[in-house]
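Please look over the sequence and the 3D structure shown here before reading on. The briefing is meant for a reader who has not seen this structure before.

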Amino acid sequence: MQRYYFDLRDDDGLTIDDEGIELPDLRAVRYEASRTVVDAARDVLLRPMRPTEVAVEVRDESGPVMRMRFMIDIKEYRAQGAR
């Protein structure tokens, strides 16, 4: 099995995964990246809302393998208190 590292990039910068996880194939990598981005998005949504992007950047010992992004885009149509 191959070892993959799931680095997290958000508005606070880049968090490097030093441990990684052994996975059998790219399907498993995509599943793990999905779980990681969902957890990160949940954390972002608990903060005061602002536009943001969260990305999971997957790499192995040879370099980049995959990037999965989640974006929150806020567009206000009315000012607070307006009716």
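Predicted model: local features only at pLDDT ≥ 70, side-chain atom pairs only at ≥ 80, totals over all residues.

Residues are numbered from 1 along each chain as its sequence is written, and side-chain values use heavy atoms, with hydrogens and water left out.

**Nonpolar core**

- The largest nonpolar core has 15 residues, of which Y4, F6, L23, V29, A33, V56 and V58 touch the most other members; such a core is a set of buried Ala, Val, Leu, Ile, Met, Phe, Trp, Tyr and Cys residues joined through side-chain atoms within 4.5 Å.
- At least two residues of this core come from each of strand 1 (2-10), helix 1 (26-45), strand 4 (52-60) and strand 5 (63-72), and helix 1 gives the largest share, with 6 residues.
- Helices (H or I, at least four residues) and strands (E, at least two) are DSSP runs, numbered from the N terminus.
- Buried stands for under 20% relative accessible area, exposed for over 50%, and partly exposed for what lies in between (1.4 Å probe, protein chains only).
- Once its neighbours within four places in sequence are left aside, V29 is in contact (heavy atoms within 4.5 Å) with Y4, F6, L23, V58 and M66.
- In soluble globular proteins, nonpolar side chains tend to be buried together.

**Salt bridges**

- The structure holds 6 salt bridges, each being a side-chain nitrogen of Lys or Arg within 4 Å of a carboxyl oxygen of Asp or Glu.
- One of them joins R3 and E22, whose closest N and O atoms are 3.6 Å apart; because R3 lies in strand 1 and E22 in strand 3 (residues 21-23), the pair ties together parts that are 19 residues apart in sequence.
- R3 is partly exposed, with a relative accessible area of 29%, and E22 is partly exposed as well, at 43%.
- Another salt bridge is formed by the side chains of E57 and R9 (2.8 Å, N to O), and this pair links distant parts of the chain, with E57 in strand 4 and R9 in strand 1, 48 residues apart.
- R9 counts as partly exposed, at 37% relative accessibility.
- E53 and R69 also meet through their side chains in a salt bridge (3.4 Å, N to O); E53 lies in strand 4 and R69 in strand 5, so the pair ties together parts that are 16 residues apart in sequence.
- E53 is partly exposed at 28% relative accessibility, and R69 is partly exposed at 46%.
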